[in-house]
Amino acid sequence: MAGALPPLASVIVRSMDPPTLARALDSVALQEYPAIEVVVVAACGPSHRPVDASRYPFRLTFVESGVALSRPRAANVGLDASRGALITFLDHDDEFLPGHLSGLAGALAARPDCGAAYCRFEVYEAGKWYATIGRPFNRLALHEKSYIHHSALLFRRELLATGVRYDTALDIHDDWDFVLQLSEKTRLLFVDQTTFRWHSDVGTSGGGGIGNFDPFKYTTQRNYVRDKWAPVFERHVERYNDNIERGVAAAQGGALNEAERRLGEALADAEDDPELLNTMAMIAYRRQEFSAARALVDRALRAGESDPRLWFNYGLVCAATAATGEARAAFERVLTLSPGHAGAAQWLAKLPQ
């Protein structure tokens with residue numbers, strides 16, 4: 001129906017009532033997404049001051065608590081109190097950047113096969129940019145270390161019916177564990193935007209940056225998550241390696257359909273693996289599907305831009321589509337990275353000027 005509002009997005013804020021809470025809520029108020037509710041959970045208990053909902057353009061629900069709540073318990077209380085078809089979190093000392101909710105919600109609207117979307121995020125320390133974190137979905141890497149902040153993630157409410165909850169045995173890494181749960185229930189869609197800012201050194205969780213880091217707590221709870229998920233991780237590694245082995249063997253034997261199927265299954269678990277992308281690109285090249293081959297090599301280069309093999313194959317697919325200038329630049333890059341590369345020199349000699 002024309003003019004209908006998009007799905008309601010619930011933003012759950014676990015609050016210990018710090019001075020930074022106002023900044024966090026103001027960052028939500030600046031979002032242009034038109035359908036937002038905010039659920040503020042008084043994680044510190046009855047000492048939390050009231051929040052003036054009239055200051056904000058969104059519906060604000062303040063969830064009181066007679067006792068202090070741990071981080072995962074506060075998250076679960078927020079999930080239960082939320083009403084939105086889409087859900088995310090924003091901790092009391094962090095902030096959304098412009099376009100955050102609209103970008104993630106728009107990406108989900110375009111991909112009904114995906115139950116969650118996530119983006120890159122900035123890490124701030126001492127009030128300044130420190131790093132930007134995020135990558136296309138890689139299941140194996142996610143089990144090693146989280147690169148998806150739960151405030152950089154927006155997921156569909158129906159996933160709650162699958163039983164996903166914050167693990168109350170944790171105090172930090174609870175968001176990592178929650179994302180791992182989601183990854184077992186749905187496809188996670190990477191959105192190439194950087195629209196969330198994590199102030200890692202603010203707070204007392206022990207899992208952040210300088211001034212907010214407890215090495216014993218961090219390591220102990222990290223090991224808890226890894227041990228909890230170890231059997232699942234092992235199954236994923238076994239399946240991934242089997243698909244790679246069988247896919248490469250099929251490609252070498254000329255069974256390109258089987259190779260593409262096997263390697264495609266592996267790629268779904270490692271969307272930014274340059275070796276895998278390169279292999280699939282060469283399968284497309286052998287089929288003379290040059291546009292597909294070029295797109296795959298281009299993705300591989302984003303993860304492995306210093307690999308001369310990738311630049312050589314990029315030159316091949318550019319030459320096949322008569323993109324002579326780009327092919328020449330690619331082969332020249334090969335020679336820069338690998339002086340004396342015979343194949344690149346031969347191609348440069350035969351490319352038209």
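Q: Before we go on, what should I know about the model?
A: It's predicted, so local features need pLDDT of at least 70 and side-chain atom pairs count only at pLDDT 80 or more, while totals for chains, interfaces and linings use all residues. Residues are numbered from 1 along each chain as its sequence is written, and side-chain values use heavy atoms, with hydrogens and water left out.

Q: OK. How many bridges join E4 to E8, and how many join E6 to E8?
A: E4 and E8 run antiparallel with 2 bridges, and Leu86 has Arg156 as its bridge partner in E8. Strand E6 (residues 114-125) also runs antiparallel to E8, with 3 bridges, and there Tyr118 stands opposite Leu153. Strands pair if DSSP finds at least two bridges between them.

Q: Phe155 has a ring. Which cluster is it in?
A: Ring pairs link Phe155 with Phe89, Tyr166 and Phe178. Rings of Phe, Tyr and Trp (its six-membered ring) pair if their centres lie within 6.5 Å; planes under 30 degrees apart count as stacked, over 60 as edge-to-face and the rest as tilted.

Q: How many aromatic pairs are there?
A: The structure holds 13. One of them is Tyr166 with Phe178, stacked at 4.3 Å centre to centre and 15 degrees between the planes. This pair links distant parts of the chain, 12 residues apart: Tyr166 is in the loop between E8 (153-156) and helix H5 (174-185), Phe178 in H5. Tyr166 and Phe178 are both buried.

Q: Switching topic: where's His92, and what does its side chain reach?
A: His92 is in the loop between E4 (86-89) and strand E5 (95-96). Its side chain reaches the backbone oxygen of Arg14 at 3.4 Å. His92 is buried too, with a relative accessible area of 11%.

Q: What else is His92 in contact with?
A: Leaving aside neighbours within four places in sequence, its contacts (heavy atoms within 4.5 Å) include Val13, Met16, Pro18 and Leu21.

How values were computed
Helices (H or I, at least four residues) and strands (E, at least two) are DSSP runs, numbered from the N terminus. Buried means under 20% relative accessible area, exposed over 50%, partly exposed in between (1.4 Å probe, protein chains only). A polar contact is a pair of N or O atoms within 3.5 Å; within protein, one must be able to donate a hydrogen and the other to accept it, and residues adjacent in sequence count only if both atoms are side-chain atoms.
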